[in-house]
Every structure is written in structure tokens, then in C-alpha cells.
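Please prepare a briefing on the side-chain contacts of the structure shown below, grouped by topic and with the cut-offs stated.

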Amino acid sequence: MYSAKEAAEMTGLTAAALRYYEQQQLLPPIIRTEQKYRQYSDADIEWIQMIQCLRKAKVPIRSIREYVLLLKQGGRTILQRRRMVRKYMEELHHQIGNLQEALALSQEKFSFYEEILDKPAAEHLTCLEEWALFKERRGNG
């Protein structure tokens, strides 16, 4: 069993975030000591890590709550949970595509800056002139 401080350290969250997850009904009931201190089990830590994974995927708290409530109902909700996970996967693929596009453009822009830094007139470029050069370099000009 782990204290709230230890659980926070293990998960990289704050104790306040753990309390928030509990208040939002994202966690199963957390065991308390006689002094009312929270005690987290290994299973609780794994549960928190699952929630963190969903949050990294930008899944809203309300959707995580819905998923957790379905999960707590057991096997009869597998089809619903499968649909939710498929939707999360589709959203992640979309996010990955957007990030790949942003990275490609950033790499092009970085390369462009590397190229023009050697030119003495570069520091006098206006934003419109820079944009025209960048478009020309990309073949869009």
C-alpha cells in the first residue's frame, strides 16, 4: 500500500490530482487508514496509469468517467467499451496525422532558416518576403 504522496510520486501526478480523479469517480474507492489517510494499492496505481494514458490521448474526463463506469459493470459492457476504444483510436490516428504534418512543415521551415542564415540580406527580410522565399523553395511559388 502506498500513501497519497508515494502514489503521486509513482504516477507523476500531484496528490490534488489524485483527489480530483477520485472526486470525478475515475478511481475505484480508495482504502483509508483509521486516521482517514488514503492508501493506494498496486491495482489503484495501474488504474491511475490507465487514466493517464487516456488523458495523454486527450480523452475528456467525462468520457473517461463513462468508460470507467462501463468497466465497473463488467463483461456485459464490453461491446460499448470496444466502440469507445475504436473511437479513441480513430481520434489518435487523426491527431498523429496532424502532428506529422506539423512536424514536416516545421522541419521544412527549420531547413529554410538554416539555408537563409548564411545570406547577408536575411536579417532585412520582411515577413512577406520571407514567406515568398519559403513558398518558392517549396515549389509553391
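The side chains of R138 and E108 come together in a salt bridge with an N to O distance of 2.7 Å, a term that requires a side-chain nitrogen of Lys or Arg within 4 Å of a carboxyl oxygen of Asp or Glu. This pair joins distant parts of the chain, with R138 in helix α6 and E108 in helix α5, 30 residues apart; helices here are DSSP runs (H or I, at least four residues) and strands are runs of E (at least two), numbered from the N terminus. The model is a predicted one, in which local features need pLDDT of at least 70 and side-chain atom pairs count only at pLDDT 80 or more, while totals for chains, interfaces and linings use all residues. Residues are numbered from 1 along each chain as its sequence is written, and side-chain values use heavy atoms, with hydrogens and water left out.

**Salt bridges**

- A search of the whole structure finds six salt bridges.
- R138 counts as partly exposed because its relative accessibility is 36%, where buried means under 20% relative accessible area, exposed over 50% and partly exposed in between (1.4 Å probe, protein chains only).
- E115 in helix α5 and R137 in helix α6 are 22 residues apart, and their side chains meet in a salt bridge at 2.9 Å, N to O.
- R38 forms a salt bridge with E22, the closest N and O atoms being 2.5 Å apart; R38 lies in strand β2 (residues 38-39) and E22 in helix α2, so the pair ties together parts that are 16 residues apart in sequence.
- Both R38 and E22 are buried, and a network of salt bridges links E22, R32 and R38.

**Aromatic rings**

- The structure holds three aromatic pairs, defined for rings of Phe, Tyr and Trp (its six-membered ring) with centres within 6.5 Å, where planes under 30 degrees apart count as stacked, over 60 as edge-to-face and the rest as tilted.
- F112 and Y113 form a tilted pair, 5.7 Å centre to centre with 50° between the planes.
- W131 and F134 form a tilted pair, 5.7 Å centre to centre with 40° between the planes, and ring pairs link F112, Y113, W131 and F134 into a cluster.
- The charged end of K109 sits over the ring of F134, 4.3 Å from its centre, the criterion being NZ of Lys or CZ of Arg within 6 Å of the ring centre and within 35 degrees of the ring normal.

**Nonpolar core**

- The largest nonpolar core has 23 residues, and those with the most contacts inside it are L18, Y21, L27, Y40, I51 and I64; such a core is a set of buried Ala, Val, Leu, Ile, Met, Phe, Trp, Tyr and Cys residues joined through side-chain atoms within 4.5 Å.
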